[in-house]
Amino acid sequence: MMSYLDNVLFALLLIIGFGYFYNNIRKIIRNINLGVAVDRKDNAKARWNNMAMIALGQSKMVKRPIAGALHIVVYVGFVIINIELLEIIIDGLFGTHRVFAFLGPVYNVLIASFEILALLVLVAVIAFWTRRNIIRLKRFASSDLKGSPKNDANYILYFEVVLMTLFLLMNASDLHLQNVSGGFSHFIKAGSFPVSQFIEPLFNGMSNELVMLLTEIFWWLHITGILIFMNYLYFSKHLHILLAFPNTYFANLNPQGQFDNLESVTKEVKMMMDPNADPFAAAPPADENEVPSKFGASDVQDLNWVQLLNAYTCTECGRCTSSCPANITGKKLSPRKIMMDTRDRIEEVGRNLDTNKGVFIPDNKSLLNDYITPEELWACTSCNACVEECPVNISPLSIIMDMRRYLVMEQSAAPMPINAMMTNIENNGAPWQYNQQDRLNWKNEN
Amino acid sequence: MSENLIVPTMAEMLAQGKQPEVLFWVGCAGSFDDRAKKITKAFVRILNRSNVSFAVLGTEESCTGDPAKRAGNEFLFQMQAMMNIEVLNGYEAKKIVTACPHCFNTLKNEYPELGGKYEVIHHTEFLKSLLDDGRLTIEGGQFKGKRITFHDPCYLGRANNVYEAPRDLILKLDAELVEMKRSKANGLCCGAGGAQMFKDAEPGNKEINIERTEDALETKPDIIAAGCPFCNTMMTDGIKNKEKEGDVKVMDIAELIANAQDL
């Protein structure tokens, strides 16, 4: 039986684990709220539906069947095996052992399914690792992932292997003690062990006391590992396991081709076109809540909060980049990199806030140029392939468009032929140099 | 070919106190680009044949502002939009058809918020409805057994989920519709969207239209069908680059229908 000290230690472990996690989640929320407001509360029904289908139901994952199937195994495994976490926490806090064992046959089915899922997760994770490191699928071998992102992805896989192995070892050693003839200590007969029964012989020849010690070690390592993994999320691409849900809920519901009309521009254009407007009139009194807005985005604070949530949600799978016509044909643009850069920059801004007591001290850096270059932005065809591909409805395109707006409207920094095209539209209502009066000439041409 | 196109303008209609069933938004490419003008005329021939009451804005039409918006110039886009909306609302336009997916998307999705609320449909949808209503009949004779592959324009397909209308029309031609490996929602862009039509591509190892043309050629088509004047240009250039212009034709859906009717 665990001593009183064990329970206190366990409670302390939980408090530290969840406390640190809570702290980091608050940081993420603060950073996401650095973004500009955008209303995504409308049409709750469609939003819930999207979340149910796309995040919970993985409907977009399975468009690539192999990755989709493997992912569903890990996802279902993760969710179901976490039911076991409830028992672990109760056992740990109250010094019980397999507290749900009273469920009898139901408990057997539960433990058995956890074990089978754990095995399947192991197989899937090994397949994932192979795809990244041996087969080296193009989207995992691309330059976006060089260095820490590549390591991050592998650490997550190693974590899962360790956690699943500890879970099975814990059960195997427990089963070994359950099988001691005449019974041993508190190890009652409970559970069904379709996988760990094959690991159990490993403990043959060891003393019962040693196996009991090992069981406790496995148990503690398992729960500690889970808490460490939970806290690693914040530092990794793996946040999608939580953020996929809000991200799909708040995602854009309009047709993909519909780009937002900038309201600040609408006001000015209406003034310009109003024949009754007095060009010399004093500017209307400024709304005190209104921040002097710039057109488009040069840094993360100019993006809206959903775009920042997108950046935290991205798990760098690279489906966007692998379907991007610019990237396929060797251009620098990679939609995945747009999301990774955005997140790296928000994190940098967040650290700036942390060290300066919540006030952002300008660092002479920005998302534009220091992370994302105009060359990348101008390579986009706005074809929406990246948006269509994203399994959790992230829109790299909306960030690209907002940054182009900044380049064009704040810096007049469009490529020359684009400037010529815009001049033509302004002067003669067509992107080419034709006279508007000739628009119907085709009717009489042969 | 004797051309006897009937193309009334909204101004002429108004002068006669008439309101057409539908306003045909020709678009810049359809008005000025030599290749696209053929599509415009093919579509008008079908409208004339089917006795559709339509009108164009003619010299009162101006760029929707789409390329300016995709390039990032929201000012220019909204100026164009407001001017066009003023004209359209002046004529009390209700229903607009266009053969350009870029005009289609902009008019349909981005004009309403600025005060321009119309029913906007792509010409392939309009042709499909004429067919369904029995106002248009298609005899497939000349396309019987021909392999036709359809290149989904991004601003028709992914942007607005119109995938079936153009395909339904191809099937009516008794042709064999062959799909590229990347089609419908997974379709690959031709490389013209997002104002790319008006500039050189960034440094890379291939042109996007070549990549897409290769997708199309893999299906061993007789005809690559398009539903967008810009895609049409990009695919035509791709076919020329592959020196296949003798074997493979790039044609708009409207041209296929018009040809089937010997128009």
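## Strand pairing in chain B

Two strands pair if DSSP finds at least two bridges between them. In this predicted model, strand E3 (residues 95-98) of chain B is joined to E4(B) by four bridges, and the two run parallel. One residue pair can be named here: B:Lys95 has B:Glu119 in E4(B) as its bridge partner.

These strands belong to an open sheet of four strands in chain B, ordered E2-E1-E3-E4, with parallel pairing. Strand E2 (54-55) and strand E4 (119-122) of chain B have a single partner strand each, so one side of each has no neighbour in the sheet.

Chain B also holds an open sheet of four strands in the order E6-E5-E7-E8. Its pairing is parallel. Strand E6 (176-177) and strand E8 (249-252) of chain B are the edge strands, and each pairs on one side only. Strand E7 (residues 223-226) of chain B runs parallel to E8(B), with four bridges between them. Opposite B:Ile224 stands B:Val250 in E8(B).

## The domains of chain B

Chain B splits into domain 1 (10-129) and domain 2 (138-260). Their C-alpha centres are 22 Å apart. Where they touch, domain 1 of chain B gives 27 residues and domain 2 of chain B gives 26 residues.

Which helices build the domain 1 side of this contact in chain B? At least two residues each come from helix H2 (27-32), helix H3 (34-49), helix H4 (66-71), helix H6 (101-110) and helix H7 (123-132) of chain B. H3(B) gives the largest share, eight residues. By class, this side of domain 1 of chain B has 13 nonpolar, six polar and eight charged residues.

## Record entries for chain B

An unreviewed UniProt entry lists "domain: Cysteine-rich" at residues 22-108 and 148-235 of chain B. In the model, residues 22-108 of chain B are 61% helix and 11% strand. The end C-alpha atoms of that span lie 14 Å apart.

Residues 148-235 of chain B are 31% helix and 10% strand. Here the end C-alpha atoms are 14 Å apart.

## Where the chains meet

Chain B touches chain A through 57 residues, and chain A answers with 55 residues. On the chain B side, H2, H3, H4, helix H5 (74-90), H6 and helix H9 (208-218) each supply at least two residues. The largest share, seven residues, comes from H5(B).

What is the makeup of the side of chain B that touches chain A? Its residues divide into 23 nonpolar, 18 polar and 16 charged.

## The domains of chain A

Domain 1 of chain A covers 4-32 + 64-249, and domain 2 of chain A covers 251-271 + 294-434. The C-alpha centres of these domains lie 39 Å apart. Their contact takes 20 residues from domain 1 of chain A and 22 residues from domain 2 of chain A.

Helix H1 (4-32), helix H5 (138-141) and helix H8 (240-250) of chain A each give at least two residues to the domain 1 side. H8(A) contributes the largest share, six residues. The domain 1 side has nine nonpolar, six polar and five charged residues.

## Helices and transmembrane entries in chain A

For chain A, an unreviewed UniProt entry lists "transmembrane region" at residues 6-23, 66-86, 106-129, 155-173 and 217-235. In the model, residues 6-23 of chain A are 100% helix and 0% strand. The end C-alpha atoms of this span are 25 Å apart. Residues 106-129 of chain A are also 100% helix and 0% strand. Their end C-alpha atoms lie 34 Å apart.

Helix H4 (residues 105-133) of chain A has 29 residues. From its first C-alpha to its last, H4(A) reaches 42 Å, close to the 42 Å expected at 1.5 Å a residue.

Which residues of H4(A) are buried? They are A:Ile111, A:Phe114, A:Glu115, A:Leu117, A:Ala118, A:Val121, A:Leu122, A:Ala124, A:Val125 and A:Phe128. Among the elements that cover these buried residues are helix H3 (65-94) and helix H6 (148-178) of chain A.

Conventions. Residues numbered from 1 in each chain as written. Chains lettered and ligands numbered in written order. Predicted model: local features only at pLDDT ≥ 70, side-chain atom pairs only at ≥ 80, totals over all residues. UniProt positions renumbered as here; feature names shortened; annotations may be inferred. Domains from an automatic or database assignment. Contact = placed C-beta atoms within 7 Å. Nonpolar A, V, L, I, M, F, W, Y, C, P; charged D, E, K, R; others polar. Expected span 1.5 Å × (residues − 1). Buried ≥ 20, exposed ≤ 12 C-beta atoms within 10 Å, placed from the backbone.
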